[in-house]
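User: I am new to reading protein models. Can you walk me through this one?

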Amino acid sequence: MSIVLKSSCLLVTLIFLYLTYLLLGALVFSAIERPVEESLKTELNSLKAELLNNLTCINATILENFLVRVLRANKYGVSVLHNISTNSNWDLASSLFFANTLVTTVGYGHTTPLSDAGKAFSIVYALLGIPFTMLVLTTCVQHLIQPLTYRPMRLWQQWAGWPLRTASTVHFLILILIVMLVFFVVPAVVFSRIEESWTFLEAFYFCFISLCTIGLGDFVPGERPNQQLRPLYKVSVMVGRCAWLDNILPPAHL
């Protein structure tokens, strides 16, 4: 077996194992956190019903207790509003999205583990997942650097007869243009269409914050109530972010 074939088999195996790791993490997170989330929603709905029943003679203690519980639940991404509470933060797609943000160190912060078991599992999962992610990304870059960098530069030199410095400069400018279009402009247009409350600038801002792994969490896709194809949307965003990390971030570390 040739070295190239062995290397390709290793890459495919690593990607398969990485996807399996993400899926297993999502299943564990969903199994641990979803029952806790449902319990919290039930508790909030009970408090809401109690508040409405005592609306004519409400006192400061009842109101304060309700507000404290609502704010605490909102911190974990659970809302008391009926049209928002229909979405789960811990279905399989959302759990997969969370697992991916955890191991890629984006961390939007809009969803966090509710239970102690979930917090403990997050620590172990991240300790293993972050180095695993860097290993997969580095391996991908080692396979992509030849067809995306060295080979095009040689073609520029052969076809145009340019010296190495000129060919590398032109190639760099073309790559920058492609990256801006593929990872920033086009996604920003798509997000501004899908997310009705986002402007193009806000969508572009989200792309920049996410792809730079800053993850402030003020804009998160797929959180609109009753959003169509929400699981597919979440997974698509996750795949796009992984594609960016595979092709852009690792070279800065190599």
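Analyst: Start with contact: heavy atoms within 4.5 Å. This is a predicted model; local features need pLDDT of at least 70, side-chain atom pairs count only at pLDDT 80 or more, and totals for chains, interfaces and linings use all residues. Residues are numbered from 1 along each chain as its sequence is written, and side-chain values use heavy atoms, leaving out hydrogens and water.

User: Which residues does phenylalanine 191 touch, not counting residues up to four places away in sequence?

Analyst: Phenylalanine 191 touches Trp198, Ala203, Phe206, Cys207, Pro221, Tyr233 and Val237.

User: How do I read a nonpolar core?

Analyst: In soluble globular proteins, nonpolar side chains tend to be buried together. A nonpolar core is a set of buried Ala, Val, Leu, Ile, Met, Phe, Trp, Tyr and Cys residues joined through side-chain atoms within 4.5 Å. Buried means under 20% relative accessible area, exposed over 50%, partly exposed in between (1.4 Å probe, protein chains only). Here the largest core has 37 residues; Leu22, Tyr125, Phe184, Phe191 and Phe206 touch the most other members.

User: Which helix gives the largest share of this core?

Analyst: Helices are DSSP runs (H or I, at least four residues), numbered from the N terminus. H1 gives the largest share, eight residues. Apart from this core lies another, of five residues, including Leu44 and Phe66.

User: Is serine 95 buried or exposed?

Analyst: Serine 95 is buried, because its relative accessible area is 0%. Serine 95 lies in helix H4. Beyond its neighbours within four places in sequence, serine 95 contacts Ala26, Phe29, Ser30, Asn89 and Trp90.

Technical notes. Helix = DSSP H or I, 4+ residues; strand = E, 2+ residues; numbered from the N terminus.
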